[in-house]
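I opened my notebook to get to know a new structure. Here is what I looked up, in the order I went.

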Amino acid sequence: MSKLLLIEDEEKIARFVELELVHEGNDVDKAFDGRVGLEMALSGNYDLILLDVMLPGLNGMEVLRRFRQEKDTPVIMLTARDAVMDKVSGLDAGADDYITKPFAIEELLARIRVALKKRGGATEQATHSLSVGNVKLDEDRHEVSVDGELVELTNREFELLHALMKNKNIVLSREKLMNTVCGYDYIGETNIIDVYVRYLRTKIDDKYKIKLIQTVRGVGYIIKDN
Ligand code: CA
């Protein structure tokens, strides 16, 4: 479900678009003038903004210009037919796309999907790689490197390091780590985790002279970001 903001002064259009977007499973807020719309856009946490160009209060171009100084949320402009200038200046001002009124709702939905996907793809990519100091873990490649140099890890060592890096600055108990690394059906002593931590320390901490994995006595382990 995406959270969308629709800034459109023509209430009939706004209501129709809102109904369709809600029907598609989105959460929709509406603003009927530019000034209120800009305030909502800046203070809310939206996945995408639909912005009409001709608006009372503050026109859409100005809303977009001011909004872009603060945030990079995708914006699709709603422009009047044949308003070529609007399209050009809208894209120049940082709109992701535009759609000409009157539009078919299917086309708008398709453009929204594209804009959300583009943006989602970018953030997903960013989260596929974790790093703490000079230690980098690539989730896609299942690789760990220190200063760009690959470190050979077994599967369980990798999973252990992954859990700690993903939860950096949070202490993870041995039980929790064991469930993550060995699976919930694993029957054995939690000190197996101590063994893997020792292996990791030999391969990373000792070799690269860093203090990556810290012991929290009586609790478990933590990787701190510092
Ligand atoms: Ca309008």
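Predicted model: local features only at pLDDT ≥ 70, side-chain atom pairs only at ≥ 80, totals over all residues.

I began with M54, which is exposed, with a relative accessible area of 62%. D52 is buried, at 3%. (Buried means under 20% relative accessible area and exposed over 50%, with a 1.4 Å probe and protein chains only.)

Residues are numbered from 1 along each chain as its sequence is written, and side-chain values use heavy atoms, leaving out hydrogens and water.

Next I asked which protein donors the calcium ion has. I found D9 (OD), D52 (OD) and M54 (O), 2.1 to 2.3 Å from the ion. Donors here are N, O and S atoms within 2.8 Å of the metal, or 3.2 Å for Na, K and Ca; water is not among the atoms, so the site may look incomplete. Along the chain, the donors follow the spacing D-x42-D-x1-M.

Then I turned to the largest nonpolar core, which has 30 residues; V144, L160, L161, I193 and I204 have the most contacts inside it. Such a core is a set of buried Ala, Val, Leu, Ile, Met, Phe, Trp, Tyr and Cys residues joined through side-chain atoms within 4.5 Å. α8 gives the most to this core, with seven residues. (Helices, H or I of at least four residues, and strands, E of at least two, are DSSP runs numbered from the N terminus.) Apart from this core lies another, of 18 residues, including I7 and M77.
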